Amino acid sequence: MAANQQEIDLLQAARCEDLQYAQIRELSVLGDFEHKVIATLKSSGAHLLQGARGMGKSMLFRSAEIEMDATFSKDRQLAVYVNFKTSTLLEGVKAGQQDGFQIWVNLKVLQALHEKLVQLDLIGQGGDLDPYYRVFGVKSVASTKLLLEDKIHLLHKLALASNKETVLTELGGEFSRSSL
C-alpha cells in the first residue's frame, strides 16, 4: 500500500508536461465542456487557451494530442505538443549575434516534431525509405535526437554561464550565426 501511495503522491506533484500518455488517460476527468474544448483544439485554425496556472490547459492540449495520435493513420493530422517550461532561463540571452531564446524555441519545436515522427514510426526505418535520409542525407535518426538535445542543453548552459564565450565555442560558431 505504501508504494501505491508514493505513486499517487508523485503523480500529484508532477505537472502534466511530465506525465506519460497512459498517466494522462488515467488521471483525466473530462466532462462535456472539456470534450468541446478538445474538439475545438483538434479543429483547424489558431486557438488560445488562457487561465491561471494549474487550471488544466496543458492537460487539454495533451488530451487533444493523444486523440489525434490515435487517429493519425486515418486522418493524417499531426499533433505536436511543445513544452516551454524552462523558457524563462533564456530571456535576454544572446548566442553570438542571435537571440538565444529564439534559437531555443526553434530547437524545441524541431525536437518535439522529431520525437513525434519517431513515435508515429514515420522516420527511423533507415536507408532510402527514411525521409531524413532522402531529404537531408541524415543517416541516423538517433544522432539527430542527440544533436538537438545537446544544443538545447548548451543553450541552457549559456543562460547560466559566467564565461559565455566558452559555451558559445561549444555551441559552435556556425550554429549561433544561423537563425535555424
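The chain's accessible surface comes to about 11,800 Å², with 55% of that belonging to carbon and sulfur atoms; areas here come from the Shrake-Rupley method with a 1.4 Å probe, and for residues only the protein chains shown count as cover. Keep in mind that this is a predicted model: local features need pLDDT of at least 70, side-chain atom pairs count only at pLDDT 80 or more, and totals for chains, interfaces and linings use all residues. Residues are numbered from 1 along each chain as its sequence is written, and side-chain values use heavy atoms, leaving out hydrogens and water.

On to the fold. The chain has ten helices and two strands, counted as DSSP runs (helices: H or I, at least four residues; strands: E, at least two) and numbered from the N terminus. Along the sequence, the pattern reads α-α-α-α-α-β-β-α-α-α-α-α.

Of the 180 residues, 33% are buried, meaning under 20% relative accessible area with a 1.4 Å probe, protein chains only. As for contacts (heavy atoms within 4.5 Å), 57% of those with a separation of 6 or more join residues 24 or more positions apart.

Now for two residues up close:

| Residue | Location | Relative accessibility |
|---|---|---|
| Glu65 | helix H4 (residues 57-70) | 7% |
| Ser87 | loop between helix H5 (72-75) and strand E1 (94-95) | 17% |

Glu65 counts as buried because its relative accessibility is 7%. Leaving out neighbours within four places in sequence, Glu65 contacts Tyr21, Ala79, Val80, Tyr81 and Lys116.

Ser87 sits in a loop, and its 17% relative accessibility is why Ser87 counts as buried. Not counting residues up to four places away in sequence, Ser87 touches Phe101 and Trp104.

Conventions. Buried < 20%, exposed > 50% of the residue type's maximum accessible area, 1.4 Å probe, protein only.
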